[in-house]
Amino acid sequence: MEHLCNSMSQMDCPEITTLINHKDNTKKSDKTLQAIQRVGQAVNLAVGRFVKVGEAIANENRDLKEEINIACIEAKQAGETIAALTDVSNMNSESDGQVTIFTDKTGVIKAARLLLSSVTKVLLLADRVVIKQIITSRSKVLATMERLEKVNSFQEFVQIFSQFGNEMVEFAHLTGDRQNDLKDEKRKARMAAARAVLEKGTMMLLTASKTCLRHPNCESAHKNKEGVFDRMKVALDKVIEIVTDSKPSGEMDISSISIFTGIREFKLNIDALRENPYFHSQENLSGTLEIILERTEDFTDSAYTSHEHRERILELSTQARTELQQFISVWIPAQSKKTKSIAEELELSILKISHSLNELKKELHSTAMQLAADLLKYHADHVVLKELKLTGVEGNLEALAEYASKLSEQKEHLIETCRLLRHVSGTEPLEITCIHAEETFQVTGQQIISAAETLTLHPSSKIAKENLDVFCEAWESQISDMSTLLREINDVFEGRRGEKYGYLSLPKPMFLLSNEFPGNNFFNIFNISFYFRGEGPLKTSRDLVHHLEDFATEGLKVTASAQAFSKQLKDDDKLMLLLEINKLIPLCHQLQTMTKTSVQNKVFLKVDKCITKTRFMMALLVQLLSLCYKLLKKFQIENNNWVSVTNKDAMDSKT
């Protein structure tokens, strides 16, 4: 779909419009004539590239092959017609050196319309293909997840999880492309949030499942694992809702619970009465304002709101009601009397109520931002998480209950803060980010407690400790993302930026650039992006293919280094790393083969396939290098601890 859109973007629509709008039988100079011919040829070439991609999609989708091919034929005919009608050989020269164009204007218009129609048809059919691919991929992931839930042996789990990892990479690739294609900011943000759950959930699923297998009779381990599976299934369902543009009947529209959205719409309704005094009823305006002010109770009823902020919010709410009554007292007479004085009085009352609502917005924003900033500052050192880890390895059930209660209090405080931030976020994408943060704290908080309980019951279990670490890292990551969210909300409120979209805590690629891993050359992967923008050192398709061949070679070097590193690890960690390595090696070999394969007149398709394979490689590389980084830190800590103990024993023996 992306390559179709790229091909389509190369068609010069403004130039086509110029061709259609040219005057009949006008004389043109050679320079103008050549420009017209270049436009016609460029359009035809762009259509040709578009058609090649369309035909490739058709060959891979038999059920839509005939429809796509027919549309491609129409597009190709339209492009050739436009090129023929702008061909110099079809134009007559005159004695004065000028050329009179006898282009069939009706023919150009018909060809342009056919081109638009056929291109649109191909894009719609390709969109159906993408949706079908995502639905199929999701079904495969779901089926493998169900097998993982029922697995009883560690060996069987390893085999199925390897398959699950490959399927998740494919699903992430398809949904990532779809997210980039989405034009609706709200849907794009929802997709990003769902994908973030799935990406983070994959590591949680691994450690939670391993803990269950190691401690099959532990109730808290099973509860922890079920929580991961449940949330990932919900995220999979949300992705399908987004790509199919369906919405469950029970889902509430988030704009109905946002104070800032309500105020914005209320002000628009008031403004509309300037032009049409009968646009709304008195009851409608009063009811709308009351709903908005009722929602401010989320602030005034909060135990965390200061007395000063609470009093100010209540004062401004009362002022807004008063200003609305004043407006109504002017507006009702204005419906029957249209004098200059009444119009001026109406304008003044509109400005007053608008001002009072703006003041209310400022106070709500200030309250939410201060609460959030204070909360994040207070929990910046993650004391409760550290204590939970400590009580776990000590097997202290009494201390566990104490710190689990403290984490629950912190969780409720964070959830309430997210709800307040949602009211003042200012844009639908940021509202979705707030909702996602709220859900993440709710679910992850419970999972940390169940993981800590498992470790406390089995204090010597390394996998239980690793599992708790994974959930604590997810919590810390969400806290960090909340700081970013505050900055985004503040930027929107102060007008420094436009609307934001997307989930702010999508996993960031983590590259190892230490002596153990030859990663420096991977920064050259950015040359690929520069190539498609017409920038950077890569100038031709040949340069790009050669660059990708080098990239595949570097990928194999990384796998070799990772394999050497795995020999220093313990069995569980070694197995986990080898699983990721074995996913990447075949892709590197496949990319090398693709780059070396000779093709005639199909360079575009070769580049397209190489880029697709490279994307899969990049996704696996990010996972592999992130895992290596984590295992390297773990190895260094364990090694340092061993050295410390060894040194201590040596000193004791000398003493």
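Reader: How much space lies in the second largest cavity?

Author: About 60 Å³ of space lies in the second largest cavity of this predicted model, where a cavity is a set of points on a 1 Å grid over the protein atoms alone at which a 1.4 Å probe fits but cannot get out, and a volume is the space filled by probe spheres set on the points, which are joined across faces, edges and corners. Because the model is predicted, local features need pLDDT of at least 70 and side-chain atom pairs count only at pLDDT 80 or more, while totals for chains, interfaces and linings use all residues. Residues are numbered from 1 along each chain as its sequence is written, and side-chain values use heavy atoms, with hydrogens and water left out.

Reader: Which residues line the second largest cavity?

Author: The lining, meaning residues with an atom within 4 Å of a point, consists of F154, F157, V158, F161, L206, K210, D572, L575, M576 and L579.

Reader: And why does it lie between domain 2 and domain 4?

Author: Domain 2 (151-246 + 380-494) and domain 4 (512-652) both contribute residues to the lining of the second largest cavity, so this cavity lies between them; the domain bounds come from an automatic or database domain assignment.

Reader: Switching topic, what volume does the largest cavity have?

Author: The largest cavity has a volume of about 150 Å³, and 16 residues line it, with V197, K200, M204, R231 and T440 nearest its centre.

Reader: How many cavities of 30 Å³ or more are there?

Author: The count comes to 4 cavities of 30 Å³ or more.

Definitions and conventions
1 Å grid on protein atoms, 1.4 Å probe; cavity = no way out; pocket = protein on both sides within 12 Å on 5 of 7 lines; lining within 4 Å.
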